[in-house]
Amino acid sequence: MNQKHTRQLLGSLLFGALVLGACGSDDDTSSSDTGVTDITSTPDTTDPSATTATTQAGSDSADASGTITVYTGRHYGIEPVFEQFTADTGIEVRFTTGNDPELRERLIAEGANTPADVVMTADAANIELAADAGILASVDSDILTGTIPEELRSEDNDWFSLSQRARVIISSTERVENPPTTYAGVGDPEWQGKLCLRPSTHPYTQSLVASLIIADGEARATEIVQSWVDNDPLYINSDTDIYNAVAEGECDIAIANTYYLGRLLTENPDFPVEIVWPEQDGRGAHINVSTAAVTANAPNPEGALALIEWLATDGQQQFADANFEYPADPNVEPNEIVVGFGEFTADLPAVRQLGANQPTAVEVLSATGYE
Amino acid sequence: MTSTITDAADLVPHHPTGSTDPIGADAARPSTMSVIGQRSRSWVSTVLVSAVAVVVSIPVLVIVWSIVQPSTDVWQGLWATRLPGMIRDTATLLIAVLVGTLVLGTSLAWLVTAYQFPGRRVLGWLLVTPLAIPGYVLGFVWLDTLQEPFGARSVRSIWLCALVLTITLYPYVYLFARAAFREQSQRSIDVARSLGCSRTKAFWRVALPMARPSLAGGVALVGMEVLTDVGTVRLFNVSTIADGVLRVWFGSGNRNAAAELAVLLIGVAIVLIAAERLARGRARFTQSGSRTGLHVQRLSGTRATTASAIGWGVFTLAVALPIYRLVTWAIEARRTDQTATVAGDLGFHLMSSLRVAGIATLACLALGLLLVAGSNRRRVGGTVLARLATLGYAVPGPVVAIGVLVTLAAVDRLGWLPDGWLLVGSFIGLIYALVVRFLAVAYQGIESSVGKVSPSVVASARTLGAGRFRVATQVELPIAGAGIIAASVLVAIDTLKELPITLILRPFGTETLPIWVWQATSESLWVQAAVPSLAIVAVGMVLVAALLWALEHGAETVS
Amino acid sequence: MNVGALARFRADEATATVPTPMDTTLDLPRAALSVAGVTRHIGGRDVVDRVSFDVADGELVVIVGPSGCGKSTLLRAIAGLDPTTAGQVILDGTDVTALPPEKRRIGLVFQDHALFPHRRVDQNIAFGLIDLGRADRARRVDELLELVRLPGVAKRFPHELSGGEQQRIALARALAPDPAVVLLDEPFASLDPSLRDDVRTDVVEALRNRNAAAVLVTHDREEALALGDRVAVMSEGRMLQIDRPDEVYERPDDRFVATFLGDASFLPDPTSPDMALMVRPHDLSVTPGGSDAVTARRYLGAAWRYTVRRSDGSDVDVDQAGGPGTTPLAIGEACTVTVDAGHPLHRLPG
């Protein structure tokens, strides 16, 4: 029996624990040394003076060099954008990704000790909840007020949209001749069993219902959602899969974000699904936004503002294009595939109220039995 | 997206490396006289154990505390809408998976223990390997694979979810059952046969009932996993109570109600553990009489082939096919140059994962040893403090993460640390959260391994002049060594696969393999998820191999 | 060295005061082990009840009694594994009652040998010898292996030895640090009966060669009578009698001791109403014909043992010597039982 070996193994493991633990607990030092999350890992584009600054250890306050720390819930394709920012300005950006609500919880818990300068979300309601929690800072920026339309930023100027995405009706080009043109129309009995929807757990769905409440009131919104549920929809927790389901005949119509179609068309220009712009005779299609805000306790508020301003101006194109979204700045042209989706009216006024109506939306979804 | 073992509050169920010993069973355990087993006479150890227990249980208590002010209107709302459905779904899923793992795990264990057929030994090992595959990986592989032939609607069902969970979790029951069958004396079977039972009947009437305590332990473990799973169920549109906790928390922003749901979950877990204790009864686990082991029956011809086929079939379904699918995706990812993320390449993520899992495992091991050594296992209630430290196992990952977040942030606000050093977002904070979650695994594994050291061996050592320290290090630890290693391996597997806590609490520069998987799967990019998934499975396989080695070298899986 | 005669306690004197550990007036060598009034109270009753006795160097005291009589508890209390409610344990003149086991110089041999499975035989034996240098240790190990007559097994592991060998190694290990007394808790119970005798002999011889004081606990009365320099009979926590084997067998202090150590029958004492006369089966003889009747019989090899119902209704056990040519009595056969002791019958209370 190798009991002696076992003993030695255990002993060295325990000893190793102490050693490694000591090293590992140097949180940021070790990570900064590998330098990979820091965008500065790419050479040639960095200002040498900025590089040295990133090796500072756990201390996050008093950041003299200007590294900007970002908590972002919108993580798809974000890295090249930050890289471009650093290339343009020489300022480092380090970021951590996560789910919007969890990042919000973290900011709330961190309070005054937060290392985060900027928080970015993938949806309006979440940034509004963050504002309600008091963790955002109001900024005074002519650039931002100049480029971002009023409806796409908060009244207190504590958050700003960077891109828009429309959640629209999509339908099969092969099987559907008369798709519905309103969200209510999705609940028409003719679509019984042929409807795909995203589950209620996702903020996209919640914001959509919130927009219904804003438009028509809670009672009517409940009716509409009920009619959807009565159509026995197939709940799929992924817009990509929803598109694929429509393409493959699992359902004929669905509600999904436009930008996924951009990705799909890039791979397959003949993808047999089309966008149907809803509510065009009325308020316009439901819009949700990717947002950014300066945190209330940002260690580096100047850098934070600089980043957001850049994203709203020089970075707008890249930011939106990376994900086939519509730029928040109406003067910036979207990606050509996106342009190909067509012109449409957007329900912009609702955007600011999505957050306030989200809890009610969740209740409506519960009450109607929406999965 | 937890795919990890979960446990009840202060009642920790059987774990593959040992038994749970909820309050009350201590009396049945023989007394030991060592450091690790002995009642601690010094107040120092009591203080240490208390300190560890309190520090580790605070995050969960923080969550539980909110139940002091129940929010009745939210509960009414929940009850009118989702709660009945959640309870129904949870119950359905739980029962389906418990039955499934029981049947699958037990029958496979019997197959490889009582019969001899070609490839039995290798199969015996391979059937443990599903442990290496996270549930959320298996989930999306099966979802995507079956979507084409069966359609998106039928694939998103609670039954397929139950099947996926069964396949991922049966190894726990399998390990327990296999150990129990191995320990059984052939004599009992012989007696049964002399009384007229055929071999099959002997299985049902003798072998199975005698293995009941161990099986109960394995099943309870599976139950904990199912109760706290949030990743796999979401894939299949199943809304369990754990999922409900997250919905209420992040959807409605109602932290109180979410915490109350979490407490409900802990309550269900406690019921589960109590049921397991009842099933165990007052049976003693070790056989008296010679351990001749089961007489293995040689199979030949079609029966041998059938036996092989069954075993290999399960392995293919659970492990081989998913790996194959992942490999094809990985090759495609290679081709389209998607084998790295924003943070870095495979090597970077692998190192992050190894670092996190390694340190967390060592921390759990050290604290587990401390708790076991410092607790008075002879007295009823002597282990209450240590049990407190195992609360985290009964709570879903995201909830633990939030509890830790709140706790650490409060400590940060106190400003005790030198200027600029923060616990939130630090490596230590992450390790702390993982310890809160998984200490239970280490604790019960160590406790039962040490408990197996014969009291007369320990008494002999003491009369030979060995003080407590020498007895602990030169007698108890070596004998219990393999079992302790097995417990550590299981903690390592858990921390390797862990996602929600790492997601919320990781420091900059630590991007583990599961994080990579999440980044891909949250956008339904299965191809991109393949490479990190395979890496997780590969490391997991190494750990499973270590576990099997420890088991072969004397770690017993039952107590 | 036999201090039996002087240390004898009679049943009716057992409730007397606790004797002082060292009876210096008798000018005896100091006892290796002295147990004085040891009591252990568990769950409302005295599992060990004011037990007192001494053991001298080179002496083997066997404590015998039925299951649950407290003998193992007593042993554990002497070893320090369990605490005492009252009383003292004195080793070589030092009061060790308050000391933990590792501070007492005692050796312990268990029924299951309790060898360290992860250490070789020589490492097992050397476990208690950490104070010695390497060379001394090796020498001592060899010595002890010689003593228990297993010189070649030093490098083996416990599981590679037979039961009897394991038990002898356990003894060697216990003897290695030169303890004041060796305690053996039913050491032969798990051995094959055919081996038991040999192992017993070896163990007793080893103890004698070392001049070790030893206390051995057993439930086997034959073993007790065969091995002990003195035999102590315990029942329900009390030590009823401790004396030389022939003394306790032939002159037991009460019925319990009498019947525990062997078959015995009791006849009323004609001289005194509350005394009885003890007869063992070999003190009686049986002849065919008469008013008594054989109700049972069994063959012991050396004798036929009958149970006879006497005319006054009482039952007695009688031995009839065996040997070729003897015709045993049949069951139900009429016979006569007569006392044929060849020595005065022993009187005891009851």
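1. Chain B first, since confidence matters here. This is a predicted model: local features need pLDDT of at least 70, side-chain atom pairs count only at pLDDT 80 or more, and totals for chains, interfaces and linings use all residues. Chain B has an average pLDDT of 79, pLDDT being the predictor's confidence in each residue, from 0 to 100. In chain B, 83% of the residues score at least 70. On labels, residues are numbered from 1 along each chain as its sequence is written, while chains are lettered from A and ligands numbered from 1 in the order in which they are written.

2. Two stretches of chain B deserve a flag. Residues 1-40 of chain B stay under 50 in pLDDT, yet the model gives them 178 contacts beyond four places in sequence. Residues 284-291 of chain B are also below 50, with 11 contacts in the model beyond near neighbours in sequence. A contact is a pair of residues whose C-beta atoms, placed from the backbone, lie within 7 Å. Where pLDDT is low, the predicted coordinates should not be read in detail.

3. Now the make-up of chain B. It has 22 helices and 2 strands. Of its 559 residues, 62% are buried; that label takes 20 or more other C-beta atoms within 10 Å of the residue's own, with 12 or fewer for exposed, partly exposed in between, and C-beta atoms placed from the backbone. Take the contacts in chain B between residues at least 6 apart in sequence: 87% of them join residues at least 24 apart.

4. The largest nonpolar core has 398 residues. Such a core is a set of buried Ala, Val, Leu, Ile, Met, Phe, Trp, Tyr and Cys residues joined through C-beta atoms within 7 Å. V118(A), V435(B) and V181(C) have the most contacts inside this core. Its largest share, 17 residues, comes from helix 19 (residues 468-497) of chain B. Setting aside residues up to four places away in sequence, V435(B) touches V56(B), A360(B), A363(B), C364(B) and L367(B).

5. I133(B) is worth a look. It lies in the loop between helix 4 (120-126) and helix 5 (135-150) of chain B. Buried or exposed, then, is I133(B)? I133(B) counts as buried because 25 C-beta neighbours fall inside 10 Å. Beyond its neighbours within four places in sequence, I133(B) contacts L138(B), T168(B), V319(B), P322(B), V537(B) and G540(B). Its C-alpha atom is separated by 19 Å from that of L102(B), 31 residues apart along the chain.

6. Strand 3 of chain A pairs in the parallel sense with strand 1 (residues 68-72) of chain A over 3 bridges, and in the antiparallel sense with strand 10 (residues 285-295) of chain A over 4 bridges. Pairing requires that DSSP finds at least two bridges between the strands. M120(A) stands opposite T72(A), and its bridge partner in strand 10 of chain A is A292(A).

7. Helix 5 (residues 100-110) of chain A is largely enclosed by the rest of the structure, because 10 of its 11 residues are buried. Among them are D100(A), E102(A), R104(A), E105(A), R106(A) and E110(A). Just after this helix, G111(A) takes a positive phi of about 60°.

8. Chain C has an open sheet of 3 strands in the order 11-12-17, with antiparallel pairing. Its edge strands are strand 11 (265-268) and strand 17 (346-349) of chain C, each pairing on one side only. Strand 12 (residues 275-279) of chain C is joined to strand 17 of chain C by 4 bridges, and M278(C) stands opposite H346(C).

9. Last, a hairpin in chain C. Strand 4 and strand 5 of chain C form it with 2 residues between them, and D92(C) in the turn has a positive phi of about 50°. L91(C) stands opposite T94(C) in strand 5 of chain C.
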